[in-house]
Amino acid sequence: MSGYLFRNYGSRYISILSRVWSGNSQLMKNSEANLRKTLESKFPQAKNIVVTDISGGCGSMYEIFVESKEFKGLSTVKQHRLITETLKSEIKDMHGLRIHTSITE
């Protein structure tokens, strides 16, 4: 069986697509709301936090925008590192992440 389309769950092979279509939360544990909530707790002074699923709804790739005065004095790389560290456990299940940050005036 193809490792790409089928996974071994216990004693059975189940199509990954069927698990996504059936809405099984084990395969897609990230959501825009959960990621936003995690970022809001890390950046309480953020003026704007936007999380968008850009994977077509499967939760494998997100675009994130955070606008906060907490980034003042930090390079763009350090700002993005703060985001990735905050979402460290969630990122391991993703295909990709686009991060945009801005400093609140």
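This is a predicted model: local features need pLDDT of at least 70, side-chain atom pairs count only at pLDDT 80 or more; totals for chains, interfaces and linings use all residues.
Leaving aside residues up to four places away in sequence, Thr 104 touches Lys 47, Glu 67, Ser 68 and Lys 69.

Three strands make up an open sheet, ordered E3-E4-E5, with mixed pairing. Strand E3 (48-53) and strand E5 (96-102) are the edge strands. Each has a single partner strand, so one side of each is left without a neighbour in the sheet. From one strand to the next, the twist averages 10°.

The two pairings were then considered in turn. Strands of a sheet pair through backbone hydrogen bonds, in either a parallel or an antiparallel sense. Here E3 and E4 are antiparallel and share six bridges. Within this pairing, Asp 53 has Tyr 62 in E4 as its bridge partner. Strand E4 (residues 61-67) and E5 run parallel, joined by seven bridges. Met 61 is bridged to Gly 96 in E5.

Helix H3 (residues 76-86) lies across E4 and E5. Relative to E5, H3 runs at about 130°.

One aromatic pair is present in the structure. It consists of Phe 43 and Phe 71, whose ring centres are 5.4 Å apart. The ring planes stand at 55°, so the pair is tilted. An angle over 60 degrees would have counted as edge-to-face, and one under 30 degrees as stacked. The pair links distant parts of the chain, with its two residues 28 residues apart. Phe 43 sits in the loop between H2 and E3. Phe 71 sits in the loop between E4 and H3. Both Phe 43 and Phe 71 are buried.

Methods:
Residues are numbered from 1 along each chain as its sequence is written. Side-chain values use heavy atoms; hydrogens and water are left out. Two strands pair if DSSP finds at least two bridges between them. Helices (H or I, at least four residues) and strands (E, at least two) are DSSP runs, numbered from the N terminus. Axes are lines fitted to C-alpha atoms, for helices over the stretch in contact, and angles run from 0 to 180 degrees between N-to-C directions. Contact means heavy atoms within 4.5 Å. Rings of Phe, Tyr and Trp (its six-membered ring) pair if their centres lie within 6.5 Å; planes under 30 degrees apart count as stacked, over 60 as edge-to-face and the rest as tilted. Buried means under 20% relative accessible area, exposed over 50%, partly exposed in between (1.4 Å probe, protein chains only).
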